[in-house]
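Please look over the structure shown below before reading on. The report that follows takes up a few residues, some strands and several disulfides in turn.

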Amino acid sequence: MRRTAVFLVLAWVSGVCVSSAQPEVKELKCIVGERVTFKIKNGREVTLSWQREGKTLNHTSSPDLSTLLSLPLEIEYNSAPYSCVVNNPGSNQLVTVKPEEYCFDPVSRPQVSSRNKMNPTCSVLCSVQNGREVTLSWQREGKTLNQTSSPDLSTLLSLPLEIENNSAPYSCVVKNPVSNQTVTVKPEEYCFDPVSRPQVYSRNKMNPTCSVLCSVQNGREVTLSWQREGKTLSHTSSPDLSTLLSLSLEIENNSTPYRCVVNNPVSNQTVTVKAEEYCFDNVSKPQVSNRNKMNPTCSVLCSVQNGREVTLSWQREGETLNHTSSPDLSTLLSLPLEIENNSAPYSCVVKNPVSNQMVTVKPEEYCFDPVSRPQVSSTKKKPTCSVLCSVQNGREVTLSWQREGETLNQTSSPDLRTLLSLSLEIEYNSAPYSCVVNNPGSNQMVTVKHEDYCSEYNPWPLVAGIGAGILVLLIIVMVIYIYLKRRSKTPGSQDPSDALTYASINHRTRETQREQNTETGQTGASNDLVYGNINHHRSRRQEAAARRANQEEACVYAEVKR
């Protein structure tokens, strides 16, 4: 059984004697479990006692009439009412003491919890078990901000508070007439600023060692971590709130996205990191090819395999002349350039955020002046025909003789100050020759025909004359043969044995005949051939041979003299 409190009642009885004056009673509150002391002014034969339900629990008296009489009582919780009785032989007085009216339970310690931890709307709730005459309040610097109480003793008393940022500490105070309890609330312990958004920076953008760094402003109970597919890969925190929190990560090539996560008890922020957005492959070396090698319109084309954030440009002496890029990563990047004659070197530059490549283009290596037209002259008349082809030399100039697409011989020289020359012996009755001069940008050609350079030694007229003479001779022989054949078959003609005929034929050219006609004074058309007398007879030897070879054809033998 619980015992009740002290300080409960203090009574002063004036003029306690035989008179029946009423005592003056002043009530004092007590706490359960403490002792109650009842005091009255002493008098002659005065007795002070505590009674309950007619039973005297204790009493006291004193012969020293100048002192107060005092009598303590320990009140039992939920007990029947007590009576404090003072009497003398002539009178008595009593005061009834009910435990529930004079005694209180000590108040409980209040509990403070967060309703919203995020500034600037941070708020807390203070709660305590209710009781008789219990009051709950919020105070700051001795000033009550708000308070509450309730007659319903079965409920909790609760009181919210919206905390001002950077405020002085608050106090949640619970009290009743006999006790109080206080909980101090510091804003920085219950309220949190929202975490900042983390920043991700590249430490090394180049595959395969690509890495990033995630950083965020530190704060109370802030944690920074790297996650992938819901799994925490690494994390960090620091009690030093003045520093940045940083956490590095090495990115695996072709990995699923990573997340940099920062959180505290009231908020969180996330940044997603895709490998393809932070990591780059090295750029390829660009390739330069000629579009037109001939000055003054020489041009080249620079090409490279495209990639993410790849830029292709032409530069000269540090100045960018033009540039290109494309979001279509499957295509080649190409950029043409028209080269100025005698210009400083150009540079074809390809770059991305982690690497670059460059090819230097010197105009003299890619551009060429047009070659001159070659000159052909005869060099030898007898006994064979030869020609010489010459041309002004130049860079990468080659001089050659060709026939029907086949190169017969060629020459070149590193000495650009000299003439290039190349001779050729021409064959009679050959297909035309070509003297060809070329360089990587242009070519020139001169066609050489035999009759154009070797006409005075052309054998074809002589060959044609001999052929014509032989043809005429064959015709004459055939005519004589036919004539003799027919004559041998005519009645009265000579014996067939005379088939063999000898003829002496003098052959002269028209010019010879013309000279003879001039000498004799004859005019008109002249014959090409002069025939002598033909004596026709058959020899005995051939007569015998004719008999052996029955019906053998006759032969005509002729001696041709020129």
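Glu252 sits in the loop that runs between strands β22 (244-250) and β23 (258-264). The model is a predicted one, and in it Glu252 is partly exposed, with a relative accessible area of 46%. Residues up to four places away in sequence aside, Glu252 is in contact with Arg228, Tyr258 and Ala275. The C-alpha atoms of Glu252 and Thr209 are 8.0 Å apart in space, although 43 residues separate the two in sequence.

Ser211 belongs to strand β19, which covers residues 211-217. With a relative accessibility of 12%, Ser211 counts as buried, because buried means under 20% relative accessible area. If neighbours within four places in sequence are left aside, the contacts of Ser211 are Ser202, Arg203, Asn204, Leu249, Glu250 and Ile251.

Not counting residues up to four places away in sequence, Leu157 touches Cys126, Ser127, Val128, Asn130, Val134, Leu136, Thr148, Ser149 and Ser150. For Leu157 and Cys126, which stand 31 residues apart along the chain, the separation of the C-alpha atoms is 8.2 Å.

The next topic is strand β26 and its partners. Strand β26 (residues 299-305) is mostly covered, with 5 of its 7 residues buried. Strand β25 (residues 287-292) pairs with β26 in the antiparallel sense over 5 bridges, and a hairpin of 6 residues joins β25 to β26. Within this pairing, Val288 has Cys302 in β26 as its bridge partner. Strand β26 also pairs with strand β29 (residues 332-338), again in the antiparallel sense, over 7 bridges, and here Ser303 stands opposite Ser334 in β29.

How many disulfides does the structure hold? There are 7 disulfides in the structure, and three of them are set out in the table.

| Disulfide | S to S distance |
|---|---|
| Cys210 and Cys279 | 1.8 Å |
| Cys298 and Cys367 | 1.8 Å |
| Cys302 and Cys348 | 1.7 Å |

The disulfide of Cys210 and Cys279, with its sulfur atoms 1.8 Å apart, links distant parts of the chain, since Cys210 lies in the loop between β18 (199-204) and β19 while Cys279 lies in the loop between α3 (275-278) and β25, 69 residues apart. The torsion about the S-S bond of Cys210 and Cys279 is about -80°, so this disulfide is left-handed. Both Cys210 and Cys279 are buried.

Cys298 and Cys367 are joined by a disulfide, and the torsion about their S-S bond is about -75°, so the disulfide is left-handed. Cys298 is in the loop between β25 and β26, whereas Cys367 is in the loop between α4 (363-366) and β32 (375-380), so the pair ties together parts that lie 69 residues apart in sequence. Cys298 counts as buried at 0% relative accessibility, and Cys367 counts as buried at 5%.

Another part of the chain forms an open sheet of 4 strands, in the order β35-β34-β37-β38 and with antiparallel pairing. Why is one side of β35 and of β38 left without a neighbour in the sheet? Strands β35 (406-411) and β38 (442-448) stand at the edges and have a single partner strand each, so one side of each is left without a neighbour there. On average, and with direction ignored, neighbouring strands of this sheet are turned by 20° against each other. Strand β37 (residues 433-439) and β38 run antiparallel and are joined by 7 bridges, and in this pairing Ser434 stands opposite Thr447 in β38.

How values were computed: Residues numbered from 1 in each chain as written. Predicted model: local features only at pLDDT ≥ 70, side-chain atom pairs only at ≥ 80, totals over all residues. Heavy atoms only, no water. Pairing = 2+ DSSP bridges. Helix = DSSP H or I, 4+ residues; strand = E, 2+ residues; numbered from the N terminus. Axes fitted to C-alpha atoms, helices over the stretch in contact; angles between N-to-C directions. Contact = heavy atoms within 4.5 Å. Buried < 20%, exposed > 50% of the residue type's maximum accessible area, 1.4 Å probe, protein only. Disulfide = S-S within 2.5 Å.
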